[in-house]
Amino acid sequence: MSGRAQLMWDEEVTGYDFGAGHPMDPVRLALTMGLVQAYGLDRAVRVVAAKPAGESTLRLVHGQEYIEAVRRASAAPEAADGSYGLGTIDDPAFAGMHEASALIAGQSVGAAEDVWRGEALHAVNFAGGLHHAMPRGASGFCIYNDAALAIARLLELGAERVAYVDVDVHHGDGVQAAFWDDPRVLTISLHEHPRTLFPQTGWPEEAGGEGAEGSAVNLALPAGTSDAGWLRAFHAVVPELVAAFRPQVLVTQHGADTHVEDPLAHLAVTVDAQRAVAESCHRLAHEHADGRWVALGGGGYAVVDVVPRSWTHLVAIAAGRPVEATTPVPEEWRQEVYRRTRMDAPRRMTDGREPDWQDFHEAGYDPADRLDQAILATRRAVFPHHGLLP
């Protein structure tokens with residue numbers, strides 16, 4: 001193993017920019033890398049810039065006509081083809097869109113390749129996790145689905161079982177769609193209930209196509225779910241399924257938009273709980289996938305207060321250098337935040353919450369509780385397909 005942990009980074013990924021006023025502000029990426037550097041974590045990992053995903057790689061998931069439409073919109077944004085989801089309010093076309101999107105995809109594919117080949121044990125691409133992009137269309141701020149492309153590349157390289165765990169507040173619909181009929185890929189998504197949030201999919205009954213029953217897992221959480229419920233739900237579903245599936249690689253998506261301050265959703269999770277779930281994913285990779293872990297970013301629109309801290313914790317955990325939650329944020333980074341955004345940055349790496357939750361198995365469940373109803377619905381829909389009791 002030439003490097004235990006790897007961070008995928010090319011500053012050109014900040015060219016993924018839908019324009020002023022769009023929630024997906026690329027400053028969140030620059031600020032995250034700045035905080036990683038402020039803690040010296042860039043010296044604890046190998047920092048790698050992979051090449052952009054080429055057309056043959058993009059075609060592992062995306063249709064040729066869609067790729068060509070992205071190229072055309074990239075060269076002439078004013079002529080974007082809306083039938084492919086391009087040039088919309090969510091996905092405005094911008095010059096260089098294909099190049100920036102392919103670069104982000106290339107980082108995730110490169111991360112997967114290096115983990116599979118043993119060049120790294122863990123690899124993080126916090127610019128990735130663009131999980132809404134569909135094989136033939138853009139959706140939800142996502143042009144190319146780097147998460148699905150990374151998984152498809154692992155399969156191409158010979159992986160027989162890949163588990164994907166998505167804790168973004170939005171359903172990981174594009175990744176689910178890409179592998180709906182493929183029993184080699186287990187997709188698990190924890191997200192706000194589709195009744196109250198885009199993309200209105202991710203019901204527990206969505207459990208995989210013919211021949212792949214139980215390969216899609218959806219845990220739809222009630223709006224307002226906070227740390228205790230979020231962690232209870234994660235541990236009631238994810239560890240058992242990952243253990244039963246026995247993946248050779250674990251791919252995780254860590255959208256930070258579950259946070260209580262996120263402007264686009266309705267959960268009430270803290271950075272401290274997000275950190276705890278990243279630690280759990282790290283542990284699951286070691287317990288069930290020989291440590292092979294590809295960790296991606298995702299959504300997150302509190303671009304100063306939340307995203308940089310959450311993803312810096314993720315990088316630190318992957319590097320084996322976890323940052324204590326109560327650690328003060330470096331003053332030089334706070335000054336950089338103000339220079340870039342005219343916003344005051346948080347002072348500590350914590351939201352002041354010690355994650356505390358009741359285990360579903362040990363504490364029992366309340367059939368009248370909406371969260372426990374959601375957990376039970378998911379377990380009943382998929383656990384029997386894996387030889388597990390619901």
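Reader: Which residues lie nearest the centre of the largest pocket, and how many line it?

Author: In this predicted model, the largest pocket has a lining of 15 residues, and those nearest its centre are His193, Arg195, Ala220, Arg370 and Ala374.

Reader: Which elements give two or more residues to that lining?

Author: Those elements are strand E6 (216-221) and helix H12 (370-382), and H12 gives the most, with five residues.

Reader: How do the lining residues divide into nonpolar, polar and charged, and what space lies in the pocket?

Author: The lining of the largest pocket has seven nonpolar, five polar and three charged residues, while the space in the pocket comes to about 260 Å³.

Reader: Switching to strand E4, are its residues buried or exposed?

Author: Strand E4, which covers residues 162-166, is mostly covered, with five of its five residues buried.

Reader: And which of them point which way from E4?

Author: Val162, Tyr164 and Asp166 point one way, whereas Ala163 and Val165 point the other way. In a regular strand the side chains alternate between the two faces of the sheet.

Reader: Which strands pair with E4, and in what sense?

Author: E4 pairs in the parallel sense with strand E5 (residues 185-192), over five bridges, and it also pairs in the parallel sense with strand E7 (residues 249-253), again over five bridges. On the E5 side, Leu186 is the bridge partner of Ala163, and on the E7 side, Gln253 stands opposite Asp166.

Reader: What unit do E4, H6 and E5 make?

Author: Together with helix H6 (residues 173-178), strands E4 and E5 make a β-α-β unit that is right-handed.

How values were computed:
Residues numbered from 1 in each chain as written. Predicted model: local features only at pLDDT ≥ 70, side-chain atom pairs only at ≥ 80, totals over all residues. Heavy atoms only, no water. Buried < 20%, exposed > 50% of the residue type's maximum accessible area, 1.4 Å probe, protein only. Helix = DSSP H or I, 4+ residues; strand = E, 2+ residues; numbered from the N terminus. Pairing = 2+ DSSP bridges. Right-handed = clockwise from strand over helix to strand, strands pointing away. 1 Å grid on protein atoms, 1.4 Å probe; cavity = no way out; pocket = protein on both sides within 12 Å on 5 of 7 lines; lining within 4 Å. Points joined across faces, edges and corners; volume = space filled by probe spheres on them. Nonpolar A, V, L, I, M, F, W, Y, C, P; charged D, E, K, R; others polar.
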